[in-house]
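Please open the structure in your viewer and keep the selection tool at hand. The stops below say what to select next and what is found there.

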Amino acid sequence: MPSPFPGMNPYLEHPALWSGIHHRLITAIANDLSPQIRPKYIVAIEERVYQSSGEESLLIGVPDVSVQRARTNINQPNNIALVTPNVEPIEVTIPLPEVITEGYLEIRAVQTNEVVTAIEVLSPKNKQSVMGRLQYETKRQTVLGSSTHLVEIDLLRQGKPMPILGKTIESDYRILVSRSEVRPKAELYGFNLKDTLPQFALPLHPEDQEPFLNLQKVINDIYDQGSYDLRIDYTRDPIPALSVTDTAWLNVLLHQQGLR
């Protein structure tokens, strides 16, 4: 069963699904671009790893057995007097480091291994987590200060959009194409839930033909291949929540297709 939405499916943004969607997107984009740019270029799937800590972090479990062993190895004297505390402790949870692994793409020249274009698909950590955003913005600035082109794909409604200068636009989703030779100017595709995802060209060396990425087809294929029609309950509202206007539109759309 195909996705019932003409563009981005908001149910795919659910925190329980997005990690898998992100992995599939990285791989699908690489597979789509590779035959268009060979033999001069390759698409490399890369990863960055960092630690996050704070309220948004996940608690990393510590096995009870290791704690128990540490306690039993201590020889307690038998003549220690027991003291009753005048303040009873409460149980709390402390933030522990969370290891974050994120995938991204690099288009590399085969002969020189030069990174010609960096392709980023944003994750919630990039837009919401303090450490994740700092990590990503640091890399973003490094790319923008180099001769490497940057393509930034933001298919998440929640979180603060990445910074741009000058005229700002309000949109649910964004794609930024920053060509190194015309910086600080860049191409910004802003689109909303009701819109079809844009097809756009990815920059390479000026003398080469640019490949086109049909992001709508990529998303539709991921939906089919991942059997997300069997995993999504369309009788429930999507998470993150939609605006009142978009919720009304979604209700009509799903009723028309017999999903509500």
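This is a predicted model: local features need pLDDT of at least 70, side-chain atom pairs count only at pLDDT 80 or more; totals for chains, interfaces and linings use all residues.

Residues are numbered from 1 along each chain as its sequence is written, and side-chain values use heavy atoms, with hydrogens and water left out.

**The whole chain**

Colour the model by secondary structure to see six helices and eight strands, where helices (H or I, at least four residues) and strands (E, at least two) are DSSP runs numbered from the N terminus. Along the sequence they follow the pattern α-β-α-β-β-α-α-β-β-β-β-β-α-α. Of the 260 residues, 41% are buried, a word that here stands for under 20% relative accessible area, with over 50% called exposed and anything in between partly exposed (1.4 Å probe, protein chains only).

**The core**

Next select Leu25, Ile29, Ile107, Ile153, Leu155, Leu213 and Leu215, the residues with the most contacts inside the largest nonpolar core, which has 48 residues. Such a core is a set of buried Ala, Val, Leu, Ile, Met, Phe, Trp, Tyr and Cys residues joined through side-chain atoms within 4.5 Å. Among the elements that give two or more residues to this core are α1 (15-37), β1 (41-52), β2 (98-109) and α6 (244-256), and α1 gives the most, with nine residues. Now centre the view on Leu155: leaving aside neighbours within four places in sequence, its contacts (heavy atoms within 4.5 Å) include Trp18, Leu25, Tyr173, Phe191 and Leu215.

**The aromatic rings**

How many aromatic pairs does a search of the whole structure find? There are seven, counted among rings of Phe, Tyr and Trp (its six-membered ring) whose centres lie within 6.5 Å, with planes under 30 degrees apart called stacked, over 60 edge-to-face and the rest tilted. Select Phe5 and Tyr234, a tilted pair at 6.4 Å centre to centre with 45 degrees between the planes. Phe5 lies in the segment before α1 and Tyr234 in the loop between α5 and α6, 229 residues apart.

Then move to Tyr173 and Phe191, which count as tilted because their planes stand at 35 degrees, with the ring centres 5.7 Å apart. Tyr173 is in strand β5 and Phe191 in strand β6 (residues 187-191); Tyr173 is buried at 0% relative accessible area, and Phe191 is buried at 4%.

**The cavity**

Where is there enclosed space? Select Leu122, Arg140, Glu152, Asp154, Pro161, Met162, Ile164, Arg174, Ile175, Leu176 and Leu188, which line the largest cavity. On a 1 Å grid over the protein atoms alone, a cavity is a set of points where a 1.4 Å probe fits but cannot get out, and lining residues have an atom within 4 Å of a point. About 80 Å³ of space lies in this cavity, and β5 gives the largest share of its lining, three residues.

**A loop residue**

Finally, select His205, in the loop between β7 (199-201) and β8 (212-214). Not counting residues up to four places away in sequence, His205 touches Lys40, Tyr41, Glu114 and Val116.

Technical notes. On a 1 Å grid over the protein atoms alone, a cavity is a set of points where a 1.4 Å probe fits but cannot get out, and a pocket is an open set with protein on both sides within 12 Å along at least five of seven lines; lining residues have an atom within 4 Å of a point. Grid points are joined across faces, edges and corners, and a volume is the space filled by probe spheres set on the points.
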